[in-house]
Amino acid sequence: MTASQGMEERNLLPRWRPFRVSASLGELASTSVPSQPSQHLPDMEALHAFNMAPTLHRAADALGLAFSLDDPAPFRPVIEFIESAKASPLLAATAAQVRRRLDQLPVAGDETWFRADSRKATVGDIREELRRMPRNPTKWVDLALAQTLLGQPDKARRSIVTALALAPVNRFVLRSAVRFFIHIEDPEAAQNTLKNAKGSADPWILAAEIASDEAAGTAPSSIKEALLVLSSGKFSPWAISELACTVAHTEFNGGRDKRARKFLNQASSQPTENAAAQIAFESQRGGFIVRPVKEPERRFEAEALEARWQKDWSAAMDSGLKWQNDQPFAVEPATFLSYVAAVGAERYDIAEQAARTGRLANPHDATIANNLAFALANQDKHDEAQAILANCPFPQDAQETAVYSATRGLVAFRGGLVEEGRNGYSQAVRSCLDLGLPDKAALAASYWAREEVRAKTPNATEIINTAARLADLFPNSDAGVVLARLSESFSTNGDQASHHRSTLLSTDFRQRP
């Protein structure tokens, strides 16, 4: 058939990045109530105050924190502000001292922690730091992330548990732990992780609570607390944007669209990049337009989704790659990028690399394995594609089974087994129709038609007609993209090729977005 994109649903899960990156983005600024103090980490309230309203006075207050952290990266905006203002000689000298430390570090946008060729070295570096600072919870979380990227979930779990023991109510530790447990498909552990933080008024933790409840399939237990926080006026729009989006998502799923859009609009005034992606997803799903008033930093996922819906495949690939680099352990960017690269842009090499990157941390994910086999088969790497399919994790539901059947059909066609390939595609089309997924049936049929044409079979015209009829019923389906390319690939020479081209052009796929 094709690669599978996923993204039929989006639950706003906490992002998981190295501590230095999260801190530099301002996600660790203190907003917790006094009864829930952050443990083993300095109070970041002064930095938060500066980020909300920069002044020299607040910059001076925040700068004092820089000397209590091993990593001064979160204070880069403070230093740049002081350098651009008329600061006192003492404040300028202090800023220069921190600047010297900063200059020895790469900026957050130049992170290389996600690179596959540096992950083992990263683990070694973090372990060396932990030998000097064994009670530093953020280092244990960073170690867990590096281990997750290497596909070592058991080791990563031990590191996360150690971090939780050291800082059981710290926001960074809690949100990272929630994302880890959901990543390894243990949402109940994510829920248990947050028990010590019950009653917290921290919007970041409340958002994680609701997300973990949704992942576990249980009714969100903190909606009342979330509504109080959202109406309290005690937090900046940016700090509550993810909480507002999680509440909106719950309201949408409950069919309360009017209330949901109210919370989505509340989030849009100054969203995090994660909230911006949720806004983009909900807007597309609901058929309305909500745009962030202020675009956040690292808005890669939202840009990728918007470009994909506009069928701007090049932009979708570019943003999808940045999204995967930002969250390399996650399934979602791997499936998205491998899909848009393969189906939309026919860049099977990029699709292959995206799937291979995703497989490192998700070796048992059936969708990523399928997308890798699809990318390999389209590069005529038949033996590799066949080996991936032979060891593909068992599909989790009927839709995954249909996708697998179609990819099995593609691999069979490319191996010269036309009848076996035909059976795979036929089964996929029937299954998608039975499941009420006619757009996916059209996509499967379009790739089936392509393979029949490549194999020069007498069945090609019949399958082209079937694919064209299905695609014509769903003008926004990606099947139209595949069939339009197939039409353009036909030579004008030869009666059969001209007949195929005439059949496809009768539905005028090229005029579709």
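In this predicted model, two cavities of 30 Å³ or more are counted. The largest cavity has a volume of about 80 Å³, and the residues that line this space are Arg15, Ser22, Glu27, Leu28, Arg171, Phe172, Arg175, Ser176 and Trp204. Helix α9 gives the most to this lining, with four residues, and when the lining of the largest cavity is sorted by class, three residues are nonpolar, two are polar and four are charged.

From the cavities we can turn to the pockets. The largest pocket has a volume of about 1,600 Å³, and among the elements that give two or more residues to its lining are α9 (171-183) and α18 (331-344), together with α20 (366-378) and α22 (398-414). In total, 50 residues line the largest pocket, and those that lie nearest its centre are Glu185, Val331, Glu332, Asp365 and Glu400. The lining of this pocket divides into 21 nonpolar, 18 polar and eleven charged residues.

Alanine 304 lies in helix α16, which covers residues 300-309. Is alanine 304 buried or exposed? Alanine 304 has a relative accessible area of 0%, and because buried means under 20%, this residue counts as buried. Leaving aside residues up to four places away in sequence, alanine 304 touches Ala316, Ser319, Gly320, Trp323 and Phe336.

Note on methods: Residues numbered from 1 in each chain as written. Predicted model: local features only at pLDDT ≥ 70, side-chain atom pairs only at ≥ 80, totals over all residues. Heavy atoms only, no water. 1 Å grid on protein atoms, 1.4 Å probe; cavity = no way out; pocket = protein on both sides within 12 Å on 5 of 7 lines; lining within 4 Å. Points joined across faces, edges and corners; volume = space filled by probe spheres on them. Nonpolar A, V, L, I, M, F, W, Y, C, P; charged D, E, K, R; others polar. Buried < 20%, exposed > 50% of the residue type's maximum accessible area, 1.4 Å probe, protein only. Contact = heavy atoms within 4.5 Å.
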